[in-house]
Amino acid sequence: MFTQTLEQIFTLKALKNAFGEIGSRAVGLDGVSMEVFKEDLMENLEELQHELLHVHYTPEPLKHIHIEKEDDTQRPIGLGSLRDKIVQKTLAAPLSDYYESHFNDKNYGFRRNKDTLKAVGRAKDALQKGRIWVLRTDIDNFFENINHERLMHILASRIEDNKVIQLIASFLTNGSFARYRYLNNHEGIHQGDPLSPLLSNIYLNQLDWFLEEQGVAFVRYVDDISIFTHSKKDAEQSLIDLTAYLHSIDLQINEPKTHIAHSVKVGFTFLGIHFKGWELSIAKERLEQSIAKFHRYASQVKPLDEMIIKLNQHMQGLSNYQLKVIGLEHPQMSLLKEAMLLALYERVYKEKKRGTIKTKGKFRKKLMLLEFPFSFSKVQKKDYIERIISKAFEKHLANKTYTKAETKSKSKKRQYAKKYATSSVLHISEPGLYIGMSKNTITLKKKGKVVHQMPKTQCERIIIASKGISLSSNVVELCASLGIGIDFINSSYKIETPYASLFGAKHSYAKMTLLQLKVLDTPEQMKFARAFIKGKSKNQLNYLKNLDRHHKILDKEIDQMEYRIKTTIKSANTPNALMGYEGQIASIYWQALVKLLESKVDFEGRVTKGADDVVNASLNYGYAILYGRVHHHAVRAGLSLNVSFLHALDQSKPTLVYDLIEEFRAFVVDRTIVSMVNNNEHLKLDKENRLDRKSRQLIAKNVLEKIGSFTKHKKASKKVDTIIAEQAYMLSRAVRGLTRYKPFVGKY
């Protein structure tokens, strides 16, 4: 039995030691940081001890957040207060000492002197003993599904002091706040709590001993389980036994992740390492993530010293685990080495271009601080660094003259492009106006008096963004003949598309409709659908990378999006599956923007319909403006707007426009609205919870300027509006089999 009492556990010395062991700087709902708590450390610890020993202590509710897992689900994390972390750390220490001797040796998660490297070693040992059939599985939502009553019963069977058990119960049932909403916790344990790893091992300890009694070789790392058998039949029986036992303790296997593999013929992946025969390698996904990190660190606008620290930490992690598994002579080492050296070359070039570091000597001094995980001698290290610096300086010198000559002309071009973009669009947001014609001029009148005029040759688009506006049939005829689109935007701004658009009667033709219909339910449809989603997701990812150069808080979301884009989009075999994966990628993207904007504005995530916050209302309004332009170019390209390849067909809606707009949302609208929020530009809702007139005018101006601005695309400087038109024509040609459709991915 564990016989220590509450009084014996929570001494001032133990509480102080626990405070010293807390590594996370994350702050809970109470807002108390380690620095503030440390100012009156002993006084604060004495107060905490008094509450504990007199049973007055109650945990603070947790701050509820989510982190994406690798299996396309979200892991809930609870951020506790510093006081609660100290209490849990203090309690975990003696409990761990006691339970360690009762745990099974094949459990490697959250254990002293146990780690992933040793778990991989145990797996190798099982294979070498001829157990070459492997059952790979994990427990579905393990932490979230732990039964409180069962766990308390397990604890009570070994812990003598009831006050200790009640204290643990208070942490189990402690609720959390997701922004302003309180969430009760009736089952599961909070990931993020210092006590949770120990409790998870206590809950599964009986499972470990059950497997031991079955006589199977196994390795468990938290909820990740590998069972090694001599035959496929034995592996199948182990799956039946394991499934039944998990069911008896209110858990179940994760079926999509469960499989039985022949380790020699097929191979399997365990803890990021791929086993095949006697060969071990870093799993493909993990290798790609690692290489992506090299390049992401190189692209960030953090000081070079910070990048070197990050790289050293990452390479230390590789050295401590993956590289020890595969060995320094493995072919994957070459890939890692090349990726790291290329990333360093990119970074040196950018530093030189920005002028933050100017001389080769300073670069040498900083880069020599890198701790290469490869078998470099000191001479080789100097040689590689010298080559990196020389190559970067050569590239900078080659580009310097050309860049200087272009700068002035580009500035003028951008200036006039923005001016023309807004002057060629008639944006009407004031009610009670009449749109008419006077000779060669479009006129706006209010109560019979002319308030604005625009030459018909200058007008490219009319946006009607208010109720109570009338227009003459002469204006409609003019717009139809000249190809000027008229978009009507809902006055509530709670939807992201115009509720009507007017174009000439000859806006598509039957042959194109038939050609588009023939594409449906063929591999060609999935090629188009994947291209739209790939373009959208890559633009979202690149935008986050651009933001992170300045804000430096989006590393995790960028990693998660890169992994999703690489692994999920190409695996989808239906548009519905593709849309599902896109939703997962978008969820990470919008949560990143929530994190970025939380200090500026109340924004909880993307709402497409019925938006009642200023960010979503602004996004919807911006999308409606962009939608009209995409609609216009799709019509001009001769496409049939009711036959789409990604979105479900709807004869009442131009769903092809929904397809084409995906590539441009982040590049045009998201970056415009986020920039407006960050720059504290006027964005407000009126008493009816709608965007006020000034906000609408400002959003329209900024979005139109973005559409009319120049950007680099396919090695040329082009207007965004021109690129939209090119994409529409490319899709038209691709449908006819004349070219391959490639999505637009912008330069940020």
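Predicted model: local features only at pLDDT ≥ 70, side-chain atom pairs only at ≥ 80, totals over all residues.

The protein has 748 residues, of which 51% count as buried. Its secondary structure comprises 27 helices and 21 strands. Along the principal axes, the C-alpha atoms fill a box of roughly 95 × 60 × 60 Å. If we take contacts between residues at least 6 apart in sequence, 70% of them join residues at least 24 apart.

Let me move to the helix pair. Helix H8 spans residues 148-156 and helix H10 spans residues 196-213. Their axes lie 10 Å apart, at an angle of about 85 degrees. The two helices are therefore roughly perpendicular to each other. Which residues of H8 and H10 meet? From H8 they are Arg-150, Leu-151, Ile-154 and Leu-155, and from H10 they are Leu-199, Ile-202, Tyr-203 and Gln-206. By class, this contact consists of 6 nonpolar residues, 1 polar and 1 charged.

Finally, the sheet. Three strands form an open sheet in the order E9-E10-E11, with antiparallel pairing. Strands E9 (268-270) and E11 (279-282) are at the edges with a single partner strand each, so one side of each has no neighbour in the sheet. From one strand to the next, the twist averages 30 degrees. E9 pairs with strand E10, residues 273-276, over 3 bridges. Within E10, His-274 is the bridge partner of Thr-269.

Notes
Residues numbered from 1 in each chain as written. Heavy atoms only, no water. Axes fitted to C-alpha atoms, helices over the stretch in contact; angles between N-to-C directions. Helix = DSSP H or I, 4+ residues; strand = E, 2+ residues; numbered from the N terminus. Parallel < 35°, antiparallel > 145°, perpendicular 65-115°, else oblique. Contact = heavy atoms within 4.5 Å. Nonpolar A, V, L, I, M, F, W, Y, C, P; charged D, E, K, R; others polar. Buried < 20%, exposed > 50% of the residue type's maximum accessible area, 1.4 Å probe, protein only. Pairing = 2+ DSSP bridges.
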